[in-house]
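The sequence and structure are shown first.

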Protein chains: 2
Amino acid sequence: MTGTMDHPTTGRSTARRTTLTEVAQQAGVSEITVSRVLRDSGPIAPATRDRVMAAVRALGYVPNRVAGTLASSGSNLVGIVLPSLANIVFPEVLRGAAGPLATMGYQPVIAVTEYDIAREETLIESLLSWRPAGLIVTGLEHTPRAEAMLRNAGVRVAELMDSDGTGIDIIVGFSNAEAGRIAARHLLSRGYRRFGYVGHGGGATIGADLRAGKRWTGFTTTLAAAGHPPLDKEIVDAPSSIAAGRCGLAELLARSPHLDAIYFSNDDMALGGYFHCLANGIAVPGQLALFGHNALDVGQVAPQPLSTVRTARLKIGEIAARLVCGDAPSQKVDVGVELVEGATA
Amino acid sequence: MTGTMDHPTTGRSTARRTTLTEVAQQAGVSEITVSRVLRDSGPIAPATRDRVMAAVRALGYVPNRVAGTLASSGSNLVGIVLPSLANIVFPEVLRGAAGPLATMGYQPVIAVTEYDIAREETLIESLLSWRPAGLIVTGLEHTPRAEAMLRNAGVRVAELMDSDGTGIDIIVGFSNAEAGRIAARHLLSRGYRRFGYVGHGGGATIGADLRAGKRWTGFTTTLAAAGHPPLDKEIVDAPSSIAAGRCGLAELLARSPHLDAIYFSNDDMALGGYFHCLANGIAVPGQLALFGHNALDVGQVAPQPLSTVRTARLKIGEIAARLVCGDAPSQKVDVGVELVEGATA
DNA sequence: GGCAACCATGACAGCGCTGTCATTGGAACC
DNA sequence: GGTTCCAATGACAGCGCTGTCATGGTTGCC
């Protein structure tokens, strides 16, 4: 299995694939008849159909959808733009979308922005150049040019994960601000008063996680209104991860040891914080309460499940896929958020 | 943002996109000149270039890569076939590949088989119909027709995650059998003797996780050779997950309470097992040793890190992307596996 | 000054398929 | 028996772009 060019069929696409024309010749019919058989369109005599299918199999013909798309101006591609694959949340959204898309015969093309809104612009252009049937993007904030492209694309566009704002066509998400408020109200109702926050920075560049920012705003506004604004916060300069959460909490506590409740930018971070507490003998929630966001499986199966807010990632992906590929009207779907009391706050 | 058809630009693709021809007219040059400017090919006078770019911007022109691909018979699409997105391992492979692909100007198109080898065949055909520049698939086992298509595709093909066998063109992976053997040797060397196994079933259908099977074989063969074959095993009839691991271990211990070491099909499952032990006061590893596979972050950041075998998922994705898009010879790249002693065995 | 050697641009065909309209040969009907 | 109708098939153009070859205008150089 090592060596150079020992596979004649491998490498440069010298091997011209068989075309419709060849299948037609083999079957003794015209190209258009083969095309019809393959697409089940128009009336075809059973005998003809059999002959064509036999030729298709004999030649190992695989239709060229590039040509088909160009001729019919309609592809089965659906572009999906995600900020990251490192946070399990987005693979879950993708997974939610993959099911319906496959069922309806669509193919996902994915692009990852690393939370960089300028990069998103480029990627959207690149996806649109494939004339997809639809486009699924994350968030409501885009560069002006990206937004213009999305509006003029002539395809359905779904914006996910955020319902705090207005969008282009279809919105499927939840209110991040509300998630922050829920966290604040829960912690207040449990009697905590000295609040801290551990968040994550952007990935590659400045373009931070805007939705985490909206949660923070909801959180801090509610606390401030109750007269107990957060006393300190630590933003780890790294993408969200368990390790980042662990470091972040350590830093924060080193600086402000008397906090009694910590809100994390998400469950990954919160779980890291939880591990920090376990490793350092900090009683949770007796000594320190922890609150996350997302209700990831990993945080819920632990013996002491995380206090958090559940978001319906799979459902968001699923609904978005369905709407983008259907002919539903423009709309905003709020899948809501739900307090998960857990055992850490 | 709710209501029907309030966006004139939304919905059916009635809005014909602007074409090269229109840009050419606007700029007062021929189509081919615009094409050259956009692709940076051939000599172009600076003044002409500026005029063309101005027209492109003015019209908001987005090239149609479908037409481009058809004309030049070469796309920038790379098909990626993964068994699942529910297991973080595959999003990580995808993430590893996404970087280099983006850098080299390629676009990933993904397909998910749910561990169904028949479905894989369909998906491969579907991906090939887009005449991708390359194809990345998981595993070495395919249906005969799928394998024939891959061989005749005329594109580079990489098969990932498994080096125990022969492949079509490029292989990037590690030996699952060896991973199983490492686990067995480690547990033996630690003095454990009464072994159990907790595995996961297929996803949708019979087509189980073949690579987990190879690990099991390596594990059990080594143990048998040492005179201590596994005493019991529990295969949970569900996709791999933390919850499945937790249930699986509970079942297994209910039936065989005297086991002293458990090998899990992967870290998700093992972490579930660990949580079962925590919740039921089973001392790890004193009373029961736990061993996983993959060395996921989540298992390593915990206070008591999982004993497991590290696999280089990101690296596999990265190398595969590079090789598939380059003109390297057919080859097998074994990224190896590495024992992670951890604290659970 | 004349010929080569470019540079910058264009004309044309065609990638592989599908939409549209046209054509054929029966079966159905009065 | 002639008209009508429809099922079954085909001819043709064209989707939007790029490869190939051709063309006009400059520059360089002996």
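Which element gives the most to the surface near DNA strand D?

## Basis of the model

This is a predicted model, in which local features need pLDDT of at least 70 and side-chain atom pairs count only at pLDDT 80 or more, while totals for chains, interfaces and linings use all residues. Residues are numbered from 1 along each chain as its sequence is written, chains are lettered from A and ligands numbered from 1 in the order written, and side-chain values use heavy atoms, with hydrogens and water left out.

## Surface near DNA strand D

With five residues, α2(B) gives the most to this surface; helices here are DSSP runs of H or I with at least four residues, and strands are runs of E with at least two, numbered from the N terminus. Near means that a residue has a heavy atom within 4 Å. Of the 25 residues around DNA strand D, those that come nearest are A:T33, A:T48, B:L20, B:S35 and B:Y61.

Polar contacts (N or O atom pairs within 3.5 Å) include a backbone N or O atom of B:A67 at 3.3 Å from a base nitrogen of DNA strand D.

## Sheet of chain A

In chain A, four strands form an open, parallel sheet in the order β7-β6-β8-β9, where pairing requires at least two DSSP bridges between two strands. β7 (232-236) and β9 (289-291) of chain A each have a single partner strand, so one side of each lacks a neighbour in the sheet. Five bridges join β6 (residues 195-200) of chain A to β7(A).

Notes
A polar contact is a pair of N or O atoms within 3.5 Å; within protein, one must be able to donate a hydrogen and the other to accept it, and residues adjacent in sequence count only if both atoms are side-chain atoms.
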